Amino acid sequence: MKKAFKKLSIMGFVFIFIFAMSACGNNGNQKNTAASGTESQTRDTKTPDTVGVDGESSILAGKKISFLTSQGKFFDEYNTIAEAIEKDYGCEVEFQVVPDDEYQSMLKVKLATSEVPDIFEYNFPTQNADIGADQYCVDLSNEDWVTRLVNPGLIKDPKDGNIYALPKESSSSYMAVYYNKDVLESCGITEPHPKTYAEFLEILDAVKEKGDGVTPLYMTNADTWTTQIFMTCAYPVALADTAEDTFWKLLNNELKWTEVPEFEEILKSYVDLVKNGYVNEDHLSVGYDTAAEKLGTGQAAMYLTIEQCAADVLSKYPDCNLGSFVIPYGDNEILATGAYVQGLFVPNAGSQTDVAKEFLAVWSLPKYQELYYATKPGFPAYKDVDGGEVVESVQSLVDEYISTGNYIYQLNDQMSECSTIWTDLWNYYVEAVSGTKSPKDVFETFQKQYEDFMQQQGAEGF
Amino acid sequence: MDKYKNKFYPNYFTFPAIAIFIVFFAIPIAAGFILSFTDWNINRIFEPKFNGIKNFIYLLQDEYFLLALKNTFKFAIITTVLIIVIGLILAIILNSAIAGRSFFRTLFYMPAVLSLIVVGIVFTSVFKMDQGVLNQILAAIGLDFLKADWLGNPGTALNCVIFVQVWKWSGFAMAIFLAGLQGISRDYYEASRIDGASKMQQFRNITFPLLAPAFTIVVTMNTIGGFKVFEQVYVMTGGGPGNATQVLGTYIYREFSKGTLGRSTAMGLFLFFMISVIAVIINKVLRGREVEM
């Protein structure tokens with residue numbers, strides 16, 4: 001009797017244990033990869049009667065698309081688009097949002113091990129080589145949406161000319177000084193348009209003297225990607241006609257980083273902005289997230305950043321009058337911009353590449369694209385999409401520099417082979433600003449690392 | 001036969017734990033050991049090539065690895081010393097018959113149960129230059145000239161992280177020392193008092209030697225914890241400004257993120273052996289001075 005009870009108890013315990021474990025397992029699946037640092041946002045599957053007319057004959061009906069992206073690239077508008085597509089086509093989207101600093105390596109591991117999502121987001125075409133797009137991703141050159149592109153030339157792979165991703169915009173990265181017009185006017189400066197670097201410094205001086213405690217130039221060096229903007233833009237602008245040749249020689253080991261005097265001079269100029277008291281005292285401990293408030297409330301007059309910041313400022317402070325101008329590095333008034341756009345890739349190893357391609361075709365339709373641009377006006381990748389009313393400070397840059405061809409591609413895109421070690425260089429810039437390294441030391445240190453990295457990559461000439 | 005079965009029957013219950021240990025600990029350690037001698041890279045994830053001790057030579061020539069090593073030692077030594085001193089003082093005070101001692105014991109122990117991430121985020125806002133609590137307190141008491149960008153200054157950033165570590169773990173050390181103190185018989189103190197021993201002599205000749213087992217635990221745990229530091233630095237400074245607060249944990253993480261897997265595995269292995277050796281030495285030295293009660 002006692003033995004039978006023991007057996008029964010054990011069986012009961014085993015049953016409860018298995019039941020509990022399976023329940024935990026289900027729960028884990030629903031929560032997806034949150035435990036490993038990945039935020040997952042899944043909508044419930046709709047019932048068939050909510051499937052839209054458009055989607056009844058689509059292969060998307062009843063399917064679920066896994067969509068991998070990074071925190072910096074993910075916007076609430078993606079949810080809005082996904083909800084609309086789900087309503088019309090009955091296709092559920094599962095967003096997997098990964099922290100920015102883990103995204104690149106996680107994506108590479110996923111591609112190399114074929115543990116891929118249906119779709120992932122990444123910059124292209126400059127970063128195509130970085131992820132081996134020609135090896136791991138579907139060629140989308142013959143998709144129908146290609147004929148609707150505004151700027152197809154920009155997104156073709158530099159090596160084989162193929163299109164490996166569905167672009168999000170027609171161009172991006174207008175890096176300039178965005179300023180609070182009211183603050184500058186209170187310092188006696190209207191419509192600033194410096195033609196030389198000295199004129200830019202004069203504007204800073206004016207705010208420093210007359211600004212009543214206002215920070216002339218806001219810096220956020222805790223986020224090193226904001227630190228690098230000055231140098232990344234300045235190098236090609238200051239080198240001007242010799243930029244392309246200089247970067248080519250660096251990539252082929254015919255020139256060293258320490259042998260380009262402009263690099264050291266520009267970094268010294270950046271350090272001098274700090275030394276001369278033009279920037280906020282806490283520039284080493286504050287990040288990009290704090291900039292919108294400082295600029296919007298007039299605590300800071302200017303901020304060197306990307307166009308996204310203008311949208312961020314105006315969404316929080318709609319009454320703020322924003323303007324923009326380009327820093328004339330080396331007395332050259334040229335806009336440095338990105339030779340890339342953000343794009344959606346379909347990995348070869350995906351379990352439903354045809355469905356993913358169809359999903360991209362739907363995602364590109366004006367009805368869904370305009371859901372994004374309704375709240376985030378910009379420059380759509382497709383001719384038939386209305387990008388909304390772009391912020392004046394951004395539109396003026398496009399009209400004055402992009403449309404007239406007075407622009408140059410930033411360093412990062414001209415030497416995209418080194419994207420993995422840029423963050424180290426950006427950290428060295430911060431060390432220069434904090435006084436623990438001289439500009440000369442920065443490039444000596446980076447040269448060693450650069451050589452080591454290129455050797456590891458098996459680059460020719462190293 | 002039944003007797004034989006019964007003898008080994010309890011061992012079967014250890015199999016799941018052993019399996020988990022082998023899969024998630026022993027195999028990764030062994031794989032890590034092998035891979036640290038390769039050029040394993042995220043771009044050639046299935047083609048690691050043996051490269052001898054090249055990774056280890058690189059580490060010893062890498063100024064930032066050496067900086068991280070220096071910072072890690074500084075962090076581990078200073079935090080361990082401060083945690084022991086503060087923990088011991090708190091334990092001695094709260095072992096005496098003072099009013100509200102239970103309340104204070106709980107109060108000082110509480111930081112130990114908080115999440116490191118939460119603590120890091122809270123103290124990041126405390127140390128902020130603009131509207132940070134510390135600077136506001138300094139301003140309120142007329143010490144404006146001491147206001148600083150605590151986490152943005154390479155000279156103070158690591159000290160702030162050290163402070164947080166000490167704040168968090170001193171109460172835990174106090175609890176261990178308290179347990180040790182309460183295990184010491186009052187007879188020793190009475191006998192010494194009769195012999196005319198002063199309080200200081202009692203501490204030096206009774207309390208301190210008999211507290212040695214607790215001392216061993218606190219030193220070992222905090223030294224290992226200090227060398228393994230990651231979360232506090234990652235949350236509060238991210239290894240910055242620049243690389244000023246880089247410790248081995250954050251530096252290894254950064255190398256992994258860059259995809260240099262062989263090299264970062266070598267760093268992990270280096271840290272593993274360094275901690276193991278230090279822990280064994282500490283344990284041996286401290287165990288040697290423990291006395292039987």
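Let's start in chain B, in the loop between α12 (231-236) and α13 (248-258), where B:Pro241 is found. The peptide bond from B:Gly240 into B:Pro241 is cis. Its omega is near 5°. Keep in mind that this is a predicted model. Chain B averages a pLDDT of 92, and 97% of its residues score at least 70. For the complex, the predictor gives an ipTM of 0.85 and a pTM of 0.83.

Now the backbone of chain A. There is a cis bond here too, from A:Phe124 to A:Pro125, with omega near 0°. A:Pro125 sits in the loop between β4 (119-124) and α4 (128-131). Why point these out? Most peptide bonds are trans, and most residues other than glycine have a negative phi.

On phi, two residues of chain A. A:Ser114 has a positive value, near 65°, and is not a glycine. You will find A:Ser114 in the loop between α3 and β4. A:Asp212 is also positive, with phi near 50°. That residue belongs to the loop between α7 (197-210) and β8 (215-218).

Are these two buried or exposed? A:Ser114 counts as exposed, because it has 12 C-beta neighbours inside 10 Å, and the cut-off for exposed is 12 or fewer. A:Asp212 is exposed as well, with 9 other C-beta atoms within 10 Å.

Next, a lysine. A:Lys294 is placed in helix α11 (residues 291-296) of chain A. A:Lys294 is buried, because 21 other C-beta atoms lie within 10 Å and the threshold is 20 or more. What does A:Lys294 touch, leaving out residues up to four places away in sequence? The answer is A:Thr215, A:Tyr218, A:Gln299 and A:Ala300. A:Val313 is 19 residues away in sequence from A:Lys294, and 9.1 Å away in space, C-alpha to C-alpha.

Zooming out to domains. Chain A splits into domain 1 (34-171 + 340-375) and domain 2 (173-336 + 392-457). Their C-alpha centres lie 31 Å apart. Domain 1 puts 6 residues into the contact, and domain 2 puts in 5. On the domain 1 side, that is 2 nonpolar, 3 polar and 1 charged.

Last, the interface between chains. Chain A contributes 20 residues and chain B contributes 18. On the chain A side, α3 (100-113) and α17 (422-434) are the elements giving two or more residues. The largest share comes from α3(A), with 7 residues. By type, the chain A side has 5 nonpolar, 9 polar and 6 charged residues.

That's my tour. Over to you.

Conventions: Residues numbered from 1 in each chain as written. Chains lettered and ligands numbered in written order. Predicted model: local features only at pLDDT ≥ 70, side-chain atom pairs only at ≥ 80, totals over all residues. Domains from an automatic or database assignment. Contact = placed C-beta atoms within 7 Å. Nonpolar A, V, L, I, M, F, W, Y, C, P; charged D, E, K, R; others polar. Helix = DSSP H or I, 4+ residues; strand = E, 2+ residues; numbered from the N terminus. pLDDT = per-residue confidence, 0-100.
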